[in-house]
Amino acid sequence: MLAGLLLSLPTPTLPSPQAQSSGPTEGERIAIRAERIILRPGVELTKGTLLLERGVVVRVGQDLSIPEGVRVVEGAVACAGFVDPWSSLGLDPDSVGDLGASAATRSIDALDPWLVPAERREALLAGVTSARVQIARGALIAGIGALVQTTERSEPSVVREDACLAGSVGVSRGGRTGDIFDRAGEVDRLVGALEKGKRYRESQVDFKKELETWTKAIAEKLAELEKDFKKAKKDREKDEKDAKEKGKEFKDKKYKEDKKPRRPRFDPDDEALARAVDGELPLVVEVHRASEIRRLLDRTAGFDRLRLVLAGATEALAFADELVERRIPVILWPAPMGTSRPDEYEGHDLALAGALAREGVRVLIGSGGGGDAQELRFLAALAVGHGMEPAAALAAITSAPAAVFDAGDRLGTLEPGRSGDVLVFDGDPLDTRATLRAVVSRGEVVFP
């Protein structure tokens, strides 16, 4: 475990008297009082109160009156629950390692509510209330990732079952990563799949236009026939009479309708790729070496709507300007040296998160795609210890992943309308000496 390598995060303990609550009741409203309420990283409220009802934040402010009977939780600092943007928490292990996924394979289908409940409990007790979970780590195309809320219940709480499309290039598979030409070929194959998705979407757009044109032409023809109906009837009667007088067979003039356009064949994989090309889904690509990052950036430059996200990004600092210009976030796993990781992390620098953030790159911090989501706070603190600003590091595990995966209106901040995922500490959230005193998930106090 990572926590054994440096200063360990304190294990959640029974709260001090000032953090004690009046006793849980299912469905009860909750009030959280704190000396500091971090509404979003960089925006705070001093001596404030949060009111939660029906699982969401309903009011935030100072001097709020608390109705009688509302459960009260108190502490020094409150912030939004942590969001792990790179996890496999709760997923079937075989699916996590499956390299046979296609673009349409859904991670949500591999979520097992009965699998290792102790891991989910540990993650909750460490403040991780949501996670982006992904199957097929290491696959060129890893399918569709899901954003779920951590829960002890048998049924998962799904925020987005289609949070992203994911893939990887130059990542160890079966103990090897291939040479530079193999890895360049992987970039080309991934981009080729995107181009196929683009052509698929173009065929759908063309079909829609052709169908609209055909429908309009048919409507105009019908209107014309309706208008000329009386004249056409007289002409028909005359033609029929002339044919009879001449002893010829009368034949009706047949109306020839333009052929209706044919709908393109539906392909679920191409549809998933097309959604990524259109920007409907972020595309998360795990990539580490400068050569693959350069090739990936060059080959995807022509996809105007693509929302690319780099994961791992070990040698990404040289490309910071382009990442900022193209608004490409990165997900980092700033684990200390000595942690068991693939060799593509050989050049990893713990100062990378801070360096990229200072250049203006949006940085997210994740637990590396494994089941160790409970280490997330420790990893963010580690980034702070190596030069990342505390507000940026807190954003990297709260508001930033929520925004990148299209859940900023539900997770990552403590504004009214957001999910009631709240953490209460006796000190700063990223100070490893501070104790996590209370965890509220979806408006329910799960600890203490």
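Predicted model: local features only at pLDDT ≥ 70, side-chain atom pairs only at ≥ 80, totals over all residues.

**Exercise 1. Get an overview of the chain.**

Task: Find how many helices and strands the protein chain has, and what percentage of its residues are buried.

Solution: 
- Step 1. Going through the secondary structure gives 11 helices and 15 strands.
- Step 2. Of the 448 residues in the protein chain, 51% are buried.
- Step 3. Now look at contacts with a separation of 6 or more: residues 24 or more positions apart account for 71% of them.

**Exercise 2. Follow a salt bridge into its network.**

Task: Work out which parts of the chain are tied together by the pair Arg201 and Asp278.

Solution: 
- Step 1. Start with the general idea: side chains of opposite charge can pair when their charged atoms come close.
- Step 2. Arg201 and Asp278 form a salt bridge, and their closest N and O atoms are 2.9 Å apart.
- Step 3. Arg201 lies in helix α3 (residues 180-227), while Asp278 sits in the loop between α5 (268-277) and β9 (283-287), so the bridge ties together parts that are 77 residues apart in sequence.
- Step 4. Another salt bridge, between the side chains of Arg275 and Glu280, has an N to O distance of 3.2 Å. Glu280 is partly exposed, at 38%.
- Step 5. Through shared partners, salt bridges join Arg160, Asp162, Arg201, Glu271, Arg275, Asp278, Glu280 and Arg305 into one network.

Arg36 is partly exposed, with a relative accessible area of 25%, and Glu44 is partly exposed at 42%. The whole structure holds 30 salt bridges.

**Exercise 3. Explore the nonpolar cores.**

Task: Which residues of the largest nonpolar core touch the most other members?

Solution: 
- Step 1. In soluble globular proteins, nonpolar side chains tend to be buried together.
- Step 2. The largest core has 100 residues, and those touching the most other members are Phe82, Leu308, Leu310, Leu323, Val330, Ile365 and Phe405.
- Step 3. Strand β7 (residues 141-149) gives this core its largest share, 6 residues.
- Step 4. Pick Leu323 and set aside its neighbours within four places in sequence: its contacts are Leu297, Leu310, Ala316, Ile328, Val330 and Val361.
- Step 5. Move on to Val361, in the loop between α8 (352-358) and β12 (363-365). Val361 is buried, at 6% relative accessibility.
- Step 6. Not counting residues up to four places away in sequence, Val361 touches Ala320, Leu323, Val324, Ile328, Val330 and Leu356.
- Step 7. There is also a second, separate core of 18 residues, with Ile32, Leu52, Val422 and Val440 among them.

**Exercise 4. Find the covered side of a helix.**

Solution: 
- Step 1. An α-helix has 3.6 residues a turn, so residues three or four places apart point the same way.
- Step 2. In helix α6 (residues 290-300), the buried residues include Glu292, Ile293, Leu296, Leu297 and Thr300.
- Step 3. These residues cover an arc of only 130° around the axis, which puts them on the same side of α6.

**Exercise 5. Look at a mostly covered helix.**

Task: How many of the residues of helix α9 are buried, and what covers them?

Solution: 
- Step 1. In α9 (residues 376-385), 8 of the 10 residues are buried.
- Step 2. The buried residues are Leu376, Arg377, Phe378, Leu379, Ala380, Ala381, Leu382 and Ala383.
- Step 3. Their cover includes β5 (82-87), β6 (128-133), α8, β12, α10 (390-395) and β13 (422-425).
- Step 4. After α9 comes Gly387, with a positive phi near 105°.

Terms used
Residues numbered from 1 in each chain as written. Heavy atoms only, no water. Salt bridge = Lys/Arg side-chain N within 4 Å of Asp/Glu carboxyl O. Buried < 20%, exposed > 50% of the residue type's maximum accessible area, 1.4 Å probe, protein only. Helix = DSSP H or I, 4+ residues; strand = E, 2+ residues; numbered from the N terminus. Core = buried A, V, L, I, M, F, W, Y, C linked by side-chain atoms within 4.5 Å. Contact = heavy atoms within 4.5 Å. Arc of directions from axis to C-beta.
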